[in-house]
Structure formats: structure tokens, C-alpha cells
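Student: I would like to learn how to read domains, a ligand site and a pocket from a set of coordinates. Please take the model step by step.

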Amino acid sequence: MRATGRLHLGHYHGVLKNWARLQHEYECFFFVADWHGLTTEYENPGSIEQHTWDLVVDWLAAGVNPGSATLFVQSQVPEHAELHLLLSMITPLSWLERVPTYKDQQEKLKEKDLGTYGFLGYPLLQAADILIYRAGQVPVGADQVAHVELTREVARRFNHLYGREPGFEEAVAAAIKKMGKKQSRIYLNHRRQYQEQGDESALETARALVQDQQNITLGDKERLYGDLEGGGKVILPEPQALLTPASRMPGLDGQKMSKSYGNFISLREEPGEVESKIRRMPTDPARVRRSDPGDPENCPVWEFHKVYSDDATRIWVREGCTSAGIGCLDCKKPVIEAVQEEVEPIRKRAEEHLRNPDLVRSVLSDGCEEAREQARATLEEVRAVMGLHY
Ligand code: SF4
């Protein structure tokens, strides 16, 4: 997540609830992308540090758990930068220029000069962020799928260029032999089925077989994965995009909730402030007077009911609104209560973390150590195959 500072309900519903779920299903790495922040904020870096702390406090408050996931700050793991540099050697410029967000963002942020090397290269930095952990899946929204695709292309090119070490075939043959007669026969049959007939399920079965092998090394396994794909050893595995459900959280004015639109409820909002923001929300313009009927479809408050209310409440809103049986303030009351109920425990936990900055610091430093260990192992192998093994 880019270092953009304190988070709001849009982030909570769109990202953090997913993270809190994913951390129990996968080995997860979540980091503050402070270098990514600099790609657009390089003229004004003063707020990045504060934004980073705010982000981590809000993650912890929203239920991201350092006991289940690894939390760290990108710039504290400088291995990301080295991998970015090494990958830049093999990445054609045209791959970066055609990433859809490159032109889009330049258009949208016209007031900034984004004709920089760092801005063009940020999808490659993202690729390094992912590949350095040899990540299997990357939780993203639909707008980021192109970046994961670029990451896959870069990994493929890298493996193609550097994966075929001298003696690869012999090493593969030895690894297959180590699997024992029966298992190696199954492996070879499935490999043939995949390579000759394109049978994806045969590929899956062979991969699972390799994964289950107890008496071959991790390096052997990687060679066998590469062998199955018909290439060399897979040094940087290609990740998949894990499409998480899109955020349905609208802003107070019905547009997407966003800091730049000023239509948000922050995760640290006081109950009184939640109430006053929702009371001031615009409603169906047709309801000029209490006695004028309205249509929920023209009202941002209805979008909140879709997120927070049960069926009975929604029926009450529909009937009351279209018949002018209820006033807009009556209608907003259950929304105010539901949002307060959601935000209050998060706000209280955030306050506790703010009172204890040492704890937050130690979460990050432990996470950073853990991340570096994995990043170093990948980089060592990358350096070696690129001829930088001194
Ligand atoms: Fe919107 Fe509710 Fe008022 Fe209808 S009654 S206009 S849904 S706030």
C-alpha cells in the first residue's frame, strides 16, 4: 500500500478486510510502499514518514495481525532496490511505456511533472517487490492486473535468460531418479501428457507430485518445475493476480470514497464526527420538503444502507422514502449507528497504538528482519545466475 496516510472506510472495505482474511489463508507480506510514494510526491517528501506510521497504526487497528503476517516498510528492505536495478537490465522500455496506468496517471496528475525515470519504472519496482518474495499470488484490484501481468513477463524473461544453468539436463535426470521408480514413471507420463497434449491437469498433478517429494532438495524441485514447463530452472516464479472483491464502499456524496474528494469517514473518526458527517450527507434532491416522496436510487445514503443494513431495514427505507413516510434524518439514523459500531473499536485500537509507538516500531523492525531474510535468499540466487557471485 502506498504511503498515503490515515485510512478511511473505503480502504477498510476494499482492502483491509481482505488482508485480515488472507493472513489466515496464506503466508502474507504487507508493506508500506514508501518509495512508490516518492514516484509522485518527490517534490514534497516531508509527509511520507508520518504517512507511513499512520498507515501501519491503521492496519493494526483494523485487524492486520503481525503474528499472522509480515509487516514492513519497503525502503527498510533495500534488496527490493537491487532487484529492481537488476531487472531493469532485461526489461524493454516498451513494456513499461505500454502499461495502461502510465499514460492515465500522467493525464490525471497533470499538475505534477511525471516525466521521470522513477515514475516510468514504478511498475518494474512493483515487479521486484513481488518477485523478491517469490510470491505465488498478489491481491489486487482490477486496475492493477496489468502490473501483475508485467511482473509475469519479466519473470518469464529472467528465467529464460538465466534459468538454464550448465548441466541442467543432468541435474533434472538425477532429481527424477531420486524420486524412485514408481514416482518418476508417474512424473514422466504426466510431463509427456502436458508437453505433447497441453493437458493442464497433467501439469498440476506432476507439480503436486514434485512438491510432495521428501528426498529431493528445494533446488531440485525448482529445476523440475522448470523442466515441466519446458524451460530452465524457475528462479523467479510467475505470480498470479488474486482478484479480491471490488470495494462497494461509496463516499458521502455517492462518488467513490477518496481523500482527494473529501467525502470520506476516516477509521479514527470520533462518534460525534461520524454522526455529523452522515447527517450532512446529501439525499435525493427531489425530497425538498419532508412531505415530498423520494427514490433511494438517487440517494447516496441508500448506498450506505446497501453496505450496512439488513433486509428488514432496507424494506423500511424503500417504503418510507417512496411514500414520504420517513424523513431523511430518520433514514440516516441506522446508518450512523452501524458506522459508529464499525469504526469505534478500530479508533480505540488505533489510539492504543498511538500511545505505544515503541510497539509499532518493534512490529516493523521484526517484520523487516523477516522480510530481509527471504529477500536476501532470492537475491543471492539472482546475483549468482547473473554472473555477480564474488
Ligand atoms: Fe435518501 Fe433515505 Fe432520504 Fe430516501 S429517505 S432520500 S433514501 S436519506
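Student: Into which domains is the protein chain divided?

Tutor: Keep in mind that this is a predicted model. A domain may be built from separate stretches of the chain, as domain 1 is here, with 9-162 + 238-248 + 357-385. Domain 2 covers 168-228, and domain 3 covers 268-355. The centres of domain 1 and domain 2, taken over C-alpha atoms, are separated by 32 Å.

Student: Which residues are around the ligand?

Tutor: With a contact cut-off of 4 Å, the list is Thr283, Asp284, Arg287, Cys299, Val301, Val317, Cys321, Cys328 and Cys331. By class, this shell has six nonpolar, one polar and two charged residues.

Student: Which helices each supply at least two residues of that shell?

Tutor: Helix H15 (311-322) and helix H16 (328-355) do. As for the space taken by the ligand, that is the largest cavity.

Student: What volume does the second largest pocket have, and which residues are closest to its centre?

Tutor: Its volume is about 360 Å³. The lining has 18 residues, and His84, Tyr117, Gly118, Gly121 and Tyr122 are the closest to the centre. Two or more lining residues come from each of helix H2 (34-41), helix H4 (79-88), helix H5 (93-97) and helix H7 (117-131). H7 gives the largest share, seven residues.

How values were computed: Residues numbered from 1 in each chain as written. Predicted model: local features only at pLDDT ≥ 70, side-chain atom pairs only at ≥ 80, totals over all residues. Heavy atoms only, no water. 1 Å grid on protein atoms, 1.4 Å probe; cavity = no way out; pocket = protein on both sides within 12 Å on 5 of 7 lines; lining within 4 Å. Sits in = over half its atoms within 2 Å of the grid points. Helix = DSSP H or I, 4+ residues; strand = E, 2+ residues; numbered from the N terminus. Nonpolar A, V, L, I, M, F, W, Y, C, P; charged D, E, K, R; others polar. Domains from an automatic or database assignment. Points joined across faces, edges and corners; volume = space filled by probe spheres on them.
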